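Me: Could you take a close look at one part of this model for me, the inside of it, and walk me through what packs there and how the strands around it pair up?

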Amino acid sequence: MVDESDEDLAVTEERRRYDRSRLIVDVFFDGNDATGVASTKDISVGGFYMNTQANLPQGAMLLVRIPLREGHQIVAHAVVIYCNPGHGVGLRFQGLSEENRALIESELGRD
């Protein structure tokens, strides 16, 4: 028997256009009446999964700040694509700048 949440994750996995790499760092987020610190699970230039117990509904727009190596950081808008209540959310970057895209690729060793 397949759990409904497993089916949702499989569909989300199939919709990804970019390969994600494991990256665990703190993420600072603000939006949808919620502000906090969470951690990433994986990331790509398309988006990332954020571990959080905050109630962030699908479609919520967040401003995120992701610190990287050597004092670099990503500051970008991201929209909640799917929710795993009590565990985390899948986010898609919105309007990611070329500079931020290059920083993510460099962090993931793809430069």
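Reply: Let's start with Val64, which touches Val27, Phe28, Phe29, Phe48, Ile74, Val75, Ala76, Ala78 and Phe93, leaving aside residues up to four places away in sequence; a touch here means heavy atoms within 4.5 Å. Keep in mind that this is a predicted model, where local features need pLDDT of at least 70, side-chain atom pairs count only at pLDDT 80 or more, and totals for chains, interfaces and linings use all residues. Numbering runs from 1 along each chain as its sequence is written, and side-chain values use heavy atoms, with hydrogens and water left out.

Val64 is also one of the residues with the most contacts inside the largest nonpolar core, along with Phe48, Met50, Ile66 and Phe93; that core has 27 residues. (A nonpolar core is a set of buried Ala, Val, Leu, Ile, Met, Phe, Trp, Tyr and Cys residues joined through side-chain atoms within 4.5 Å; buried is under 20% relative accessible area with a 1.4 Å probe, protein chains only.) Among the elements that each supply at least two of its residues are β5 (61-67), β7 (88-94) and α2 (98-107), while β6 gives the most, with 4. Helices (H or I, at least four residues) and strands (E, at least two) are DSSP runs, numbered from the N terminus.

Now the pairing, which takes at least two DSSP bridges between two strands. β6 runs antiparallel to β5 over 7 bridges, and 7 bridges also join β6 to β7, again antiparallel. Val79 in β6 is the bridge partner of Met61, and Arg92 in β7 is the bridge partner of Val79. As for the turns, the β5-β6 hairpin has 5 residues between its strands, with Glu70 at a positive phi near 55°.

Definitions and conventions:
Buried means under 20% relative accessible area, exposed over 50%, partly exposed in between (1.4 Å probe, protein chains only).
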